[in-house]
Amino acid sequence: MKTFVRCGRLFTGEEDEAREGEVMVFDAAGVLDYVGPKGGAPRRAASDRVLDYSQSFVMPGLVDVHTHLAYGNAKSEEDIDLYSPLEFRALRGMFFAQKVLAAGYTAICSPGDAGQISLSIRNAIRAGLFEGPRVMAAGPYLTTHQGLTDWYPTWIGVPDTSIGRLVTTAAEAVEEIRRQVKNGVDCIKIALDGIQRRDNGELVAAFTQEETDVMVHETHRQGKKAVAHARGREATLYAARAGVDLIFHANHLDGECIEAMLKTGSVLSPTLTQPKNVIDFTQPHEPAGQRGRPEAARREYQIGVANWKKARAAGVPFLTGTDTGFAVTPYGEWNAREIELFVEDLGFTPASALRAATEVSARFMTEAGHIGVLEPGRAADFIALDGSPLADVGILLDKRRLRAVHLAGKQIDIPDRSYDPRQVTDFALSNWTDLYTRDRVAELHLRQPRLAAAE
């Protein structure tokens, strides 16, 4: 049995314009047989079915290359690393993966999680045990004392339940890569810098150039892709020179970094949504607000925008990724904001932003030749919308405008279930966000206890 899809407007992901009144046909395995004008479509048999999206905008399912399935909408690093067993995090991650799929994202990369959480979610979905998006999975980040994920004091160290794996030599890094490959990862995540800075304010790279070269070479030798967290110039340059496949952030890249990226073929996911949400959503009473994080994020964002525009103008490919999994980037809520920010802040046209979120991002994924474009031989992963994102990409954030999500032809119908964060993620033992001295209480105009009169 084949399925015929009547499309009002069809955006294939390969072109900047949408086609009017075309038809798609896919087989029982969810693979497209035909995409084109109605007059050229194969004859429909009596057993074939028809999906009528003749009043809708049809386009490929979206791709997010930066969704952390193990984070759980965390409010703190401790929530990510400590307070939930890995088994619970895997179950929770499956629940949240479905929310991302229901938002129209049919493929995601989960680049760095504790244990084998993302691997397990990927495998359960592939086995047909649960509905979920196509998942490209990494294991824990490889890090050093200067890298992301080594958050805790040296007298505590990196717990086994952390999203990072501390390595102290190149040999240890190679051994960790081989262990993760044996477990079945699709990519290796390297924390090439973190939050430590030199006295001049420059972010310190977590690994040397030679160490980075060794890790990337071993990753590629094993047939896997290397991805890296790199905000600073030094880390970005090391990643680009080594041929890291996908670099996240790169706020401080410069001309030398861009030249190296073009030479080795590294691509970039600036990840705009997480810092923009930190800027826009953080409230003054929250710990992040009290520490001035929104102001710091705004400065880094402005630096990044200027540099990212230079990289794009030079021809570096841009992929869409949101850093979903934090309290400011909950699953399925803001994924499409990345597309909107590509347009608003980086100067993409709506069409080029949509192509970045489909065909361009799909090239990086493990099923690169099978997804991201609606053409014969590829998967029938598509969404139907009321309205055209070519006119307003913001409609992708409006769940009311998302009429249908199809993965390998199958229409996905996942109930939008709510949950209590206190039973799912918020297990840290924090009780207060302020210090209630007598002066502070008076400043807040709170009721003060009566003091005994002096005798």
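How many aromatic pairs does the count come to? It comes to 14, where rings of Phe, Tyr and Trp (its six-membered ring) pair if their centres lie within 6.5 Å. This is a predicted model, so to speak of local features takes a pLDDT of at least 70, side-chain atom pairs count only at pLDDT 80 or more, and totals for chains, interfaces and linings use all residues. Residues are numbered from 1 along each chain as its sequence is written, and side-chain values use heavy atoms, with hydrogens and water left out.

**View 1. Phe95 meets Phe96 edge-to-face.** The ring centres of Phe95 and Phe96 are 5.3 Å apart and the planes stand at 65°, so this pair counts as edge-to-face (planes under 30 degrees apart are stacked, over 60 edge-to-face, and the rest tilted). Phe95 and Phe96 are both buried, a word that means under 20% relative accessible area, with exposed over 50% and partly exposed in between (1.4 Å probe, protein chains only).

**View 2. Phe96 stacks with Tyr331.** Here the centres are 4.5 Å apart and the planes at 15°, so Phe96 and Tyr331 form a stacked pair. The two come from distant parts of the chain, 235 residues apart: Phe96 belongs to helix H2 (residues 86-102), while Tyr331 is in the loop between helix H10 (293-314) and helix H11 (337-346). Helices (H or I, at least four residues) and strands (E, at least two) are DSSP runs, numbered from the N terminus. Phe96 has 0% relative accessibility, so it counts as buried; Tyr331, at 3%, is buried too. Ring pairs join Phe95, Phe96, Tyr331 and Tyr419 into a cluster.

**View 3. Helix H10, with a glycine after it.** H10 has 22 residues and spans 31 Å from first C-alpha to last, close to the 32 Å expected at 1.5 Å a residue (the expected span is 1.5 Å times one less than the number of residues). Its buried residues include Pro294, Tyr301, Gly304 and Trp308. Gly315 follows H10 and has a positive phi, near 105°.

**View 4. Arg312 over the ring of Phe348.** The charged end of Arg312 sits over the Phe348 ring, 3.8 Å from the ring centre. To sit over a ring, NZ of Lys or CZ of Arg has to be within 6 Å of the ring centre and within 35 degrees of the ring normal.

**View 5. Pro330, in the loop between H10 and H11.** With 18% relative accessibility, Pro330 counts as buried. Pro330 and Leu268 are 62 residues apart along the chain, and their C-alpha atoms are separated by 22 Å.

**View 6. Helices H8 and H10 cross.** Two packed helices are described by the angle between their axes and the distance between the axes. The axes of H8 (residues 273-281) and H10 come within 8 Å and cross at roughly 135°, which makes H8 oblique to H10. Axes are lines fitted to C-alpha atoms, for helices over the stretch in contact, and angles run from 0 to 180 degrees between N-to-C directions. Angles under 35 degrees are roughly parallel, over 145 roughly antiparallel, 65 to 115 roughly perpendicular, and the rest oblique. The H8 and H10 crossing is left-handed, as when the near helix is turned anticlockwise from the far one by less than a right angle; clockwise would be right-handed.

**View 7. H2 packs with H3.** H2 and H3 (residues 117-126) have axes 9 Å apart, at an angle of about 50°, and are therefore oblique to each other. Their crossing is right-handed.

**View 8. H4 and H5 run roughly parallel.** The axes of H4 (residues 170-183) and H5 (residues 209-221) come within 10 Å and cross at roughly 25°. The crossing of H4 and H5 is right-handed.

**View 9. Asn73 and Ala408, both with a positive phi.** Most residues other than glycine have a negative phi. Asn73, though not a glycine, has a phi of about 65°; look for Asn73 in the loop between strand E6 (62-64) and helix H1 (77-81), where it is buried at 8% relative accessible area. Ala408 has a phi near 50° and is in the loop between strands E18 (402-407) and E19 (410-411). Ala408 is partly exposed, with a relative accessible area of 29%.
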